Amino acid sequence: MRRAALARVALARVALARVALARVALARVALAIVALSGLACRQDMHDQPRFEPLEATPFFADGRSSRPRVPGTIARGEREYDAHFLEGRVNGELATQFPAPVTSAMLARGRERYDAFCAACHDRAGTGRGMVVERGLKQPPSFHVERLRQASPGYFFDVITRGFGAMYDLADRIPPGDRWAIVAYVRALQRSQNATLADVPEAARARLQAEAGK
């Protein structure tokens with residue numbers, strides 16, 4: 001009986017040893033596969049499927065892998081910098097003219113952007129009595145005071161871009177084209193509050209005079 005028990009224990013130990021050896025062998029195989037996979041990836045990183053600069057290729061008819069630019073393409077950094085449009089300055093001084101003709105579409109866009117970004121402080125007529133002023137914040141000056149009526153378009157563009165006094169800059173919220181549109185609309189507001197009959201087109205003067213006579 002005792003010999004039989006010892007024999008069974010010996011057989012069990014042999015079986016366990018074989019299982020352990022099998023596991024070790026499987027682990028080695030797995031490590032080898034991982035190592036080979038890593039070598040394959042490293043090789044791909046060193047030898048990528050791409051063309052080197054000026055490398056020849058039969059893919060294109062002219063045999064060149066480096067292709068000419070598409071007509072009209074402007075590379076980064078090659079665009080001519082327009083300080084008048086982007087900064088509101090000409091030769092370092094605040095611009096006295098708009099960078100492009102003022103159109104009715106530009107004024108309509110300026111009104112929409114003015115109402116969205118400016119009217120809360122300056123009110124829709126530009127008198128500086130907006131809703132936030134009624135809530136206790138500092139009142140901005142009216143656009144209709146003589147100083148601002150004489151200010152250049154570049155001045156207003158610069159204030160929108162950089163801020164002034166209690167007003168923070170809006171350059172990150174309003175692109176340059178919309179800033180110029182707002183400036184044009186501010187000019188229209190100033191004109192509307194200080195216009196004379198001579199500013200009215202002749203076709204409309206008679207109607208206005210008739211209405212005033214009533």
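These entries record what I looked up in the structure.

**Basis.** I worked from a predicted model, in which local features need pLDDT of at least 70, side-chain atom pairs count only at pLDDT 80 or more, and totals for chains, interfaces and linings use all residues. Residues are numbered from 1 along each chain as its sequence is written, and side-chain values use heavy atoms, leaving out hydrogens and water.

**Overall fold.** I found nine helices and two strands in the protein chain; helices (H or I, at least four residues) and strands (E, at least two) are DSSP runs, numbered from the N terminus. Their order along the sequence is α-α-β-β-α-α-α-α-α-α-α. Of the 214 residues, 24% are buried (under 20% relative accessible area, with exposed meaning over 50% and partly exposed in between; 1.4 Å probe, protein chains only).

**Helix α7.** I asked which residues of α7 are buried. They are P153, G154, F156, F157, D158, V159, I160 and T161. Eight of the 10 residues of this helix (residues 153-162) are therefore buried, and α7 is largely enclosed by the rest of the structure. The cover over them includes α2 (83-87), β1 (89-90), β2 (93-94), α6 (146-149) and α8 (176-193), where contact means heavy atoms within 4.5 Å. Just after α7, I noted G163 with a positive phi of about 85 degrees.

Most residues other than glycine have a negative phi. I noted L54, whose phi is positive, near 65 degrees, in the loop between α1 (2-46) and α2. L54 counts as exposed at 77% relative accessibility. N91, in the loop between β1 and β2, has a positive phi of about 55 degrees. N91 counts as exposed at 78% relative accessibility.
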